Amino acid sequence: MVLPVELIKLIDLVWYQLLANSCHKAARKVRNYGFLFGNSSPPNKPSQQQPPFSFPSVTKCVLEGRDSATIACDIFGALLKSQSVFPYFMLVAFEGGSVIRAFLLLLSCPILLVLDYELKLRVMIFITFCGLRRKDMESVGRAVLPKFYLDNLNLQAYEVLASTGSKFVFTSVPRVMVEGFLKEYLEVDDVIGTELQTVGHYFTGFLSKSGFLVKHRALKEHFGDKKPDVGLGTSSLHDHLFISLCKEAYVVNKEDSKSGSNSVMPRQKYPKPVIFHDGRLAFLPTPSATLAMFMWLPLGIILAIFRISVGIFLPYKIALFLVTLTGLNLSAKGCDNSTSAKPDQEKRGVLYVCTHRTLLDPVFLSTSLCKPLTAVTYSLSKMSEIIAPIKTVRLTRDRKKDGETMQKLLSEGDLVVCPEGTTCREPYLLRFSSLFAELADEIVPVAINTNVTMFYGTTASGLKCLDPIFFLMNPRPGYYVEVLGKLPKDLTCAGGKSSNDVANYIQRKLADALGFECTTLTRKDKYLMLAGNEGIVQDNKRKKP
């Protein structure tokens, strides 16, 4: 009976807040315009409007000599350029919950507009977390949110934070939403936030007994009589009370956050590069952007089905013409100079070595070349095999067996391989497996990149069978295919090079063509980080004991 009682209390609070806000706004109007009916005093006296504190901008903070200093700040509005918390609750609701949960959160926006900050957070917490599994929140906090936090990081505020020795973040949002990012990427020592109530492995959607965190009170409780050296906050009254308890206090003004390059965090200055991240949403889900996404969703599903059907049933040139009319942009380069097998080579096919962005890479390469290809992959769902317009063969991860399989396929025709073994969304290339270099001397590197605006066409923890559909649901998805020249024989194993040397050379060549960075990370590293497994699709055909 705990849940119904708590729910009734929340409804009472919301209803009371709605009535109180309406009465308060009416009273303010009567007071402000009362002087027209006999009150000679002006509605706004300058002396009453002056804030009790005045602190310098964060741009005035000196960074040198703070190695032993202690800083206290919030993440929203201070470390992040935006003070709005709605997009991050929406990410948790959509990626960790479901489309229905995300839609309910969107429907709450009109109510949220009339609530005060505390009650607004309580409503968003209830919708987002009620019945949500703890492991789903942990997955979103580890694999989804860091990408969006880094993209919204305020450069000036981060430089102040990074210049100090001890870092403490106080925030009213649930601690579980920010703690992982703050500790792993910004090296924050401790995060003090609102705690959520849990029952077993699930969140109830309500706050724990400690209640809603008030930052200036939490700072007093945490530090006692000792004051932090630096306080960082916004120009709001609550943040003024918070940072006034520090020896030095600085504010991040909205004007500073919107000033352009001074507050934008360039990728090369990220405290830690984001090579892997998960989730379907490719945009920051503000209320207006989320509304646009839900309005597009029905049309996007129809459009994806049409694009898939065209690719399966129609010839290459006709299919390419029709999908281009639907908004898909395919930019192909070097396809006219593609290499074909010579007659004296026992009809062995060409081995195309591609970067891996989505499961559709071989399909778009085949479409660009206007000829059938065979693709090999490590993990492919049955749905992807059914809808694939080209032949696909699954590998076993047994090097000897996979080598024999690929040799046989090369004897039958041209073959496509993605030696990274998994997709990567960011401008990085994972380590190339060297197996392909041992199988063929006629190797053609292919640089592939994609562009999406609404949905990512890859996932580590979701349903892989939906990957092509999500990619093709984008309003204007883009594919870039550049077929590079055939690898000279003296750079192949036939020319005396080792298979590792060949793989590393092709990796660097493809990275240079795309402007990407090479890494030594592997498929296993990606899946262990994002999904907690090694990314191996289990064979459902195993006999039951």
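**Rings and turns in a predicted model**

Reply: Tyr-185 counts as buried, at 4% relative accessibility (buried is under 20% relative accessible area, exposed over 50%, partly exposed in between; 1.4 Å probe, protein chains only). This is a predicted model: local features need pLDDT of at least 70, side-chain atom pairs pLDDT 80 or more, while totals for chains, interfaces and linings use all residues. Numbering runs from 1 along each chain as its sequence is written, and side-chain values use heavy atoms, without hydrogens and water.

Me: Which ring does Tyr-185 form an aromatic pair with?

Reply: Phe-181. The two are stacked, 5.5 Å centre to centre with 25 degrees between the planes. Rings of Phe, Tyr and Trp (its six-membered ring) pair if their centres lie within 6.5 Å; planes under 30 degrees apart are stacked, over 60 edge-to-face, the rest tilted.

Me: Where do Phe-181 and Tyr-185 lie?

Reply: Both are in helix H11, 4 residues apart, about one turn. Helices are DSSP runs of H or I, at least four residues; strands are runs of E, at least two; both are numbered from the N terminus.

Me: What charged end sits over the Tyr-185 ring?

Reply: That of Lys-272, 5.3 Å from the ring centre. The cut-offs: NZ of Lys or CZ of Arg within 6 Å of the centre and within 35 degrees of the ring normal.

Me: New topic. What is the phi of Glu-187?

Reply: Positive, about 55 degrees, though Glu-187 is not a glycine. Most residues other than glycine have a negative phi.

Me: Is Glu-187 buried or exposed?

Reply: Exposed, with a relative accessible area of 58%. Glu-187 is in the loop between helix H11 (175-185) and strand S3 (190-194).
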